[in-house]
Amino acid sequence: MTVKSSLAAQAWPKAERGLDNPGINRASIRHLVREFYATIRQNDRLGPIFAREIPGDWEPHLEKMTDFWRSIILRTGDYHGRPVPAHLKLTDVTEADFDIWMDVFRKTVAGLFAPDTAMVFVDRAERIATSLKLAMFFRLDRAQTPAGAAPDPAVPPEVQR
């Protein structure tokens, strides 16, 4: 192994294995998804957003989310969607909405699974939320320019957007 390949191996996280728990299967994840979205649909802030995006039959979305969570937790490879583009088009979603989402998710998994299993779900959900927030809200110009500061004339306008 060369120094370069050794450094590369350290830089990339090791692939996570699926949760090895016989009680976590399609049925339990399907139940989680349905419980979670039943609560979300009743939430004053998130319910209307979801109702607008999924105005009719919820079953296809629930099955897609079951496949998503099976892929995340059990590493099944069932999910083949693209979550970032789907979330980027939600222009009225705020960063604070992810806090609501996580609060509901934490409570849902805590009510369904043993603490160690719930912790795995929450850890992965937090990483997903962070990734989506970065994709939706992080911009270099916002990260580098204090709020209200004038644009830097040395930076091309197309980069400042």
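## Aromatic cluster

One aromatic cluster is formed by Phe36, Tyr37, Phe50, Trp58, Phe68, Trp69, Tyr79, Trp101, Phe105, Phe113 and Phe121. This is a predicted model, in which local features need pLDDT of at least 70 and side-chain atom pairs count only at pLDDT 80 or more, while totals for chains, interfaces and linings use all residues. Residues are numbered from 1 along each chain as its sequence is written, and side-chain values use heavy atoms, with hydrogens and water left out.

## Pairs around Phe121

The structure holds 13 aromatic pairs, where rings of Phe, Tyr and Trp (its six-membered ring) pair if their centres lie within 6.5 Å, with planes under 30 degrees apart counted as stacked, over 60 as edge-to-face and the rest as tilted. One of these is the tilted pair of Trp69 and Phe121, at 6.2 Å centre to centre and with 35° between the planes. This pair links distant parts of the chain, since Trp69 lies in helix 4 (residues 59-74) and Phe121 in helix 7 (residues 115-137), 52 residues apart; helices here are DSSP runs (H or I, at least four residues), numbered from the N terminus.

Phe121 also pairs with Phe113, and this pair is stacked, at 4.8 Å centre to centre with 5° between the planes. Trp69 and Phe121 are both buried (under 20% relative accessible area, with exposed over 50% and partly exposed in between, using a 1.4 Å probe and protein chains only), and Phe113 is buried as well.

## Asp123 in helix 7

Helix 7 also contains Asp123, which is partly exposed, with a relative accessible area of 35%. Asp123 and Arg106 are 17 residues apart in sequence, and their C-alpha to C-alpha distance in space is 9.7 Å.

Key:
Helix = DSSP H or I, 4+ residues; strand = E, 2+ residues; numbered from the N terminus.
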